[in-house]
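Hi,

Here is the structure I said I would pass on.

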Amino acid sequence: MLFAATLGAELAALALQYAPSSELLWFVNLRIFGIFQRSHALLGSLVGIDGLQFFGVALPLFLLACLGLVVRARPAFTIATHLSAGYAGFLVYAWQYGVPTSAHASLGPVAVPTGAGLYVMATILGACLLSFAITHLLYFQAVGQEICALARWLRPRWTIASTAA
């Protein structure tokens with residue numbers, strides 16, 4: 001999901017370069033993929049590489065996850081899942097970072113995107129966190145199976161040692 005959303009944001013920005021007077025493309029770029037605009041601005045202040053969100057973050061994570069699935073390498077898939085959850089967290093941070101702040105007495109304003117931007121952000125966070133949770137559950141299941149296998153292997157040796165004593 002993160003890969004598709006990042007690809008969509010990059011394609012919308014590219015299409016806007018070719019048709020800068022299109023109201024639909026401005027709406028898509030600013031309202032739907034606004035979260036990526038703020039993260040692009042934050043990343044651009046640190047590293048000035050165009051397309052870094054897609055080519056430097058989303059595409060490598062997608063390829064690592066695909067490699068983990070095809071080769072059945074659980075560590076590669078787990079790393080991709082953890083890093084994608086981290087990138088989704090960065091997107092939320094970038095959304096908060098781009099909000100102008102004013103000093104006043106409050107419990108701390110939290111900027112939440114509205115409309116289509118909220119749905120995109122919620123879908124990305126939900127998919128990443130669901131994948132993160134499923135990966136952990138599968139890992140804990142595999143660890144439990146290993147512990148049970150070790151217990152079955154030790155059980156005959158334990159009964160022999162206890163009857164010999």
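To start with the contacts: among those between residues at least 6 apart in sequence, 66% join residues at least 24 apart. Keep in mind that this is a predicted model.

Of its 165 residues, 26% count as buried. The chain exposes about 11000 Å², and carbon and sulfur atoms supply 71% of that area.

Two residues I looked at in more detail:

Threonine 6 sits in helix α1, which covers residues 2-18. Is this residue buried or exposed? Its relative accessible area is 1%, and because the cut-off for buried is under 20%, threonine 6 counts as buried. Leaving out residues up to four places away in sequence, threonine 6 touches Phe36, Gln53, Phe54, Ala58 and Tyr87.

Tyrosine 139 belongs to helix α6, residues 116-164. With a relative accessible area of 47%, tyrosine 139 falls between the 20% and 50% cut-offs, so it is classed as partly exposed.

Cheers

Terms used
Residues numbered from 1 in each chain as written. Predicted model: local features only at pLDDT ≥ 70, side-chain atom pairs only at ≥ 80, totals over all residues. Heavy atoms only, no water. Helix = DSSP H or I, 4+ residues; strand = E, 2+ residues; numbered from the N terminus. Buried < 20%, exposed > 50% of the residue type's maximum accessible area, 1.4 Å probe, protein only. Contact = heavy atoms within 4.5 Å. Areas by Shrake-Rupley, 256 points an atom, 1.4 Å probe, with all protein chains shown as cover.
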